[in-house]
Amino acid sequence: MADTPQMQQQALAPEEPRADGQPGDRELVERAQKGDGAAFAQLVERHQRQLYRLALRMTGSEADAQEVLQEAFLNAYQKLPLFRGEAQFSSWLYRIAANSALMRLRRKRRAPDSLSDQALELSGPRFSAEGYLEPTSSSDWSQRADERMMSGELGAAINKAVEQLPDDYRTVFLLKDVDGLSNEDIAQALDLTVPAVKSRLHRARLALREKLGEFFDAPAK
Amino acid sequence: MTSPIEHCKECVDLLGEYIEGTLQPEQAKALEDHLSLCPPCITFVRTYRATRKLCRAALVTDMPHELMSSLSSFLGKHVPGFPCSKPDSSAVAMEATADIGPKKV
């Protein structure tokens with residue numbers, strides 16, 4: 001890959017050494033920008049799992065996730081000369097993959113016009129007029145989870161409850177609480193602000209908590 | 001100075017940031033003071049935490065090895081110098097019919 005003025009890195013703080021002794025992303029990106037395919041392969045190996053989860057959560061399909069991944073990494077390679085290093089490489093990559101997933105969804109006419117325009121019908125805890133929790137919102141089922149999990153009933157209830165979340169809330173919840181992405185990476189990928197990510201995450205958790213409470217309060221089958 | 005938290009609703013509103021440790025220390029202290037006097041909110045915190053734990057246990061997923069192999073093979077055809085990993089036996093069958101376009105699972 002040809003060296004261009006756009007590739008010149010700004011004066012950035014030294015990269016933190018990795019615990020595993022491997023080169024950091026910035027060093028690998030610089031090598032890949034100079035045409036080192038093996039360095040790009042290391043970046044792929046390092047980020048493919050998280051990118052797969054992002055693509056899978058956004059598209060809901062393993063086949064679509066695979067195509068998003070191929071497109072995203074190829075796109076990233078082609079745009080690598082434009083990467084200046086102001087953002088984390090992972091955040092930049094998530095954004096490329098998220099755009100690819102959104103375009104795929106729109107082609108299938110499954111995507112909302114805007115992540116923020118969906119009607120919101122989320123349940124949550126109930127409070128008295130004075131702002132105190134209603135007794136129905138304070139049943140303690142947290143200690144009963146393991147035995148019910150063994151039956152598989154709980155897994156089905158969780159899947160159903162998550163499916164019922166609005167798309168943009170579900171995606172944020174899965175990326176954060178299941179896949180472990182940071183709020184900043186999610187915000188970058190989904191083109192949201194960090195406060196919007198936190199708000200959706202909290203509301204999704206509250207809605208899921210209500211659903212799980214209903215499950216545990218129902219008589220066992 | 002942060003006002004004391006009197007009502008459960010304020011406590012619940014702050015819970016997301018509290019369990020992630022991103023709440024301002026004064027707000028966290030006010031929330032903990034409320035919790036020390038409010039058993040329903042203690043239960044709420046427990047079930048809120050359990051929700052995250054249970055959902056993660058039920059829904060966590062990893063990238064299939066076959067997909068890693070096919071991604072590596074795909075990029076090997078498009079990125080100069082990209083080293084293709086040796087495909088496993090299940091991926092060999094997939095690659096026999098592959099073209100350079102995205103593959104179906």
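Let me begin with chain A, where, among contacts between residues at least 6 apart in sequence, 67% join residues at least 24 apart; two residues are in contact here if their C-beta atoms, placed from the backbone, lie within 7 Å. What we are looking at is a predicted model, in which local features need pLDDT of at least 70 and side-chain atom pairs count only at pLDDT 80 or more, while totals for chains, interfaces and linings use all residues. Residues are numbered from 1 along each chain as its sequence is written, and chains are lettered from A, with ligands numbered from 1, in the order in which they are written.

The secondary structure of chain A comes to nine helices and zero strands, where helices (H or I, at least four residues) and strands (E, at least two) are DSSP runs numbered from the N terminus. Of the 221 residues of chain A, 41% count as buried, and a residue is called buried if 20 or more other C-beta atoms lie within 10 Å of its own, exposed if 12 or fewer, and partly exposed in between.

Chain A is divided into domain 1 (20-107) and domain 2 (140-217), with bounds that come from an automatic or database domain assignment. The C-alpha centres of the two domains of chain A lie 25 Å apart, and 10 residues of domain 1 are in contact with 10 residues of domain 2. On the domain 1 side of that contact, α2 and α4 of chain A each supply at least two residues, and by class this side has four nonpolar, three polar and three charged residues. For these classes, Ala, Val, Leu, Ile, Met, Phe, Trp, Tyr, Cys and Pro count as nonpolar, Asp, Glu, Lys and Arg as charged, and the others, Gly among them, as polar.

Let me stay with α4 for a moment. Helix α4(A) has 19 residues and reaches 27 Å from its first C-alpha to its last, close to the 27 Å expected at 1.5 Å a residue, the expected span being 1.5 Å times one less than the number of residues. Its buried residues include Phe89(A), Trp92(A), Tyr94(A) and Arg104(A), and what covers the buried residues of α4(A) includes α1 (25-33), α2, α3 and α8 of chain A.

Why is α8(A) described as largely enclosed by the rest of the structure? Seven of the eight residues of this helix, residues 183-190, are buried, so the rest of the structure largely encloses it. The buried residues of α8(A), among them Asn183(A), Ile186(A) and Leu190(A), pack against α2 (37-59), α4 (89-107), α7 (167-178) and α9 (194-217) of chain A. After α8(A) comes Asp191(A), which is found in the loop between α8 and α9 of chain A. Most residues other than glycine have a negative phi. The phi of Asp191(A), however, is near 60 degrees, a positive value in a residue other than glycine. Asp191(A) counts as partly exposed because it has 14 C-beta neighbours inside 10 Å.

Next, the interior. A nonpolar core is a set of buried Ala, Val, Leu, Ile, Met, Phe, Trp, Tyr and Cys residues joined through C-beta atoms within 7 Å. The largest such core has 64 residues, and those with the most contacts inside it are Phe40(A), Leu54(A), Ala55(A), Leu69(A) and Ala97(A). The largest share of this core, 11 residues, comes from α2(A). Apart from this core lies another, of 12 residues, among them Cys8(B), Leu15(B), Phe44(B) and Tyr48(B).

How do the two chains meet? In the model, 49 residues of chain A are in contact with 40 residues of chain B. On the side of chain A that touches chain B, α2, α3 (62-79), α6 (153-163), α7 and α9 each supply at least two residues, and the residues of this side divide into 25 nonpolar, 12 polar and 12 charged.

Finally, a word on confidence: the predictor gives the complex an ipTM of 0.71 and a pTM of 0.72. The mean pLDDT of chain B is 81, and 78% of its residues reach 70 or more, pLDDT being the predictor's confidence in each residue, from 0 to 100. Within chain B, confidence is lowest in helix α5 (residues 89-96), at a mean of 40, and highest in helix α4 (residues 65-78), at 95. Over residues 86-105 of chain B the pLDDT is below 50, and this stretch has 26 contacts in the model beyond near neighbours in sequence.
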